[in-house]
Amino acid sequence: MGTDNKLLGGKASGDTAGQQEKVVEAGNEAEEEGSDTSSTLVPVWTEAPCGGQYFPSTNIPPTSYTPILYKSSDQLVLQPMLWGLVPSWHAGPDPKSHGLTTNNCRLENVMTSKLYKPSLAKGRCVVVCEGFYEWERSGGVKQPYLVYRPGGEVLYMAGLYSVWRGGEGAPVYNYTIITRESNNILSWLHHRMPAFLSPHQFSAWLNPLTPPTKALAMLALPKEGELAWHTVSKEVGNVRNQGMDLMKQVEPCMDDVKKKKDVKVSSASKGIMSNWLKRSITEKEGGEKKMKSNM
């Protein structure tokens with residue numbers, strides 16, 4: 001994942017109930033795969049204590065609030081958190097004013113990092129999204145791609161979270177996404193990529209009793225067919241652009257094609273992400289809820 005990464009977190013602005021539905025489906029999948037879990041796999045939606053809100057969007061930048069799955073006692077919780085880990089020593093008053101780039105955390109350094117190591121032991125989480133945007137840079141050409149799971153399935157990334165209490169208000173839950181060297185699936189696009197998780201790994205990954213070394217070892221590299229991608233408009237480079245067309249496949253402009261002939265499109269790029277984030281009546285009754293982006 002590059003430094004200009006963004007997430008894709010839903011199509012319908014203001015709609016959040018579908019997030020929980022997708023995570024519940026993941027929980028059912030984990031149960032079918034025989035995951036050993038001591039807690040319910042149905043997450044409870046909790047609003048951010050600081051008042052930060054998640055707004056579904058086709059173009060989510062760092063410092064936004066996005067849905068994060070984590071474990072609190074024996075319950076799975078889905079809660080909006082600030083994208084970008086806030087150092088515990090940051091005095092504030094603004095959690096975003098620490099001046100560090102913490103939206104991504106390198107897997108190779110996490111065990112020795114003063115900033116990230118504490119969260120690795122007791123603050124592991126799952127970033128729930130539809131996908132992410134990444135830019136391919138080749139021959140002087142920059143072309144954005146949307147990367148996602150085939151068939152409109154939710155994408156799960158390994159993350160670390162912490163709780164910042166340096167301000168005068170309520171605690172601010174915040175997180176970072178773990179990244180690693182890309183394998184042959186995405187190395188053509190960027191040399192870094194997110195560390196992905198499967199639903200059957202949620203229980204062990206989120207369990208604070210799982211040793212950090214064992215937790216990191218479960219982060220397997222993606223295999224052929226597990227990810228899909230297609231080219232999208234360069235308008236994703238401006239966060240002010242929020243239209244639904246940002247997700248659609250577009251052909252590179254002719255000038256770019258002349259500079260670079262090979263444009264990669266995955267075989268699973270059609271039929272992307274339908275029926276995402278649908279508000280239900282049960283949301284108002286305390287129902288649980290469920291999260292798209294470019295990294």
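Q: How do the residues lining the second largest pocket divide into nonpolar, polar and charged?
A: In this predicted model, the lining of the second largest pocket divides into eight nonpolar residues, four polar ones and three charged ones.

Q: And what volume does that pocket have?
A: The volume of the second largest pocket comes to about 290 Å³.

Q: Which residues lie nearest its centre?
A: Of the 15 residues in the lining, those that lie nearest the centre of the second largest pocket are Ser88, Pro118, Ser119, Ser162 and Val163.

Q: Which helix and strand supply at least two residues each to that lining?
A: Those are helix H2, which covers 117–122, and strand S9, which covers 155–164; the largest share of the lining comes from S9, which supplies four residues.

Q: Let's stay with Ser162, then; where does it lie, and is it buried or exposed?
A: Ser162 lies in strand S9, and because its relative accessibility is 17%, which falls under the 20% limit, Ser162 counts as buried.

Q: What does its side chain pair with?
A: The side chain of Ser162 is joined to the side chain of Asn174 by a polar contact of 2.7 Å. Leaving aside residues up to four places away in sequence, Ser162 touches Leu85, Val86, Ser119, Val172, Tyr173 and Asn174, and Ser119 is also one of the residues that lie nearest the centre of the second largest pocket.

Q: Switching to Arg149, where is that one found?
A: Arg149 is found in the loop between strand S8, residues 141–148, and strand S9, and at 24% relative accessibility Arg149 counts as partly exposed.

Q: What does the side chain of Arg149 reach?
A: The side chain of Arg149 reaches the backbone oxygen of Val154, at 3.1 Å. Val154 is also among the residues that Arg149 touches, the others being Glu130, Leu155, Tyr156 and Glu226, when residues up to four places away in sequence are not counted.

Q: What about Gly92 and Gly166, how far apart are they?
A: Gly92 and Gly166 are 5.8 Å apart in space, C-alpha to C-alpha, while in sequence they are 74 residues apart. Gly92 is found in the loop between strand S4 (75–83) and strand S5 (104–106), and with a relative accessible area of 27% Gly92 is partly exposed.

Q: New topic, backbone angles: which residue has a positive phi of about 75° although it is not a glycine?
A: That residue is Thr63, whose place is in the loop between strand S2 (44–45) and strand S3 (65–72). Most residues other than glycine have a negative phi. Ser73 also has a positive phi, of about 60°, and is not a glycine; Ser73 is found in the loop between S3 and S4.

Q: Are those two buried or exposed?
A: Thr63 is partly exposed, with a relative accessible area of 41%, whereas Ser73, at 68% relative accessibility, counts as exposed because that value is over 50%.

Terms used
Residues are numbered from 1 along each chain as its sequence is written. This is a predicted model: local features need pLDDT of at least 70, side-chain atom pairs count only at pLDDT 80 or more; totals for chains, interfaces and linings use all residues. Side-chain values use heavy atoms; hydrogens and water are left out. On a 1 Å grid over the protein atoms alone, a cavity is a set of points where a 1.4 Å probe fits but cannot get out, and a pocket is an open set with protein on both sides within 12 Å along at least five of seven lines; lining residues have an atom within 4 Å of a point. Grid points are joined across faces, edges and corners, and a volume is the space filled by probe spheres set on the points. Ala, Val, Leu, Ile, Met, Phe, Trp, Tyr, Cys and Pro count as nonpolar, Asp, Glu, Lys and Arg as charged, and the others, Gly among them, as polar. Buried means under 20% relative accessible area, exposed over 50%, partly exposed in between (1.4 Å probe, protein chains only). Contact means heavy atoms within 4.5 Å. A polar contact is a pair of N or O atoms within 3.5 Å; within protein, one must be able to donate a hydrogen and the other to accept it, and residues adjacent in sequence count only if both atoms are side-chain atoms.
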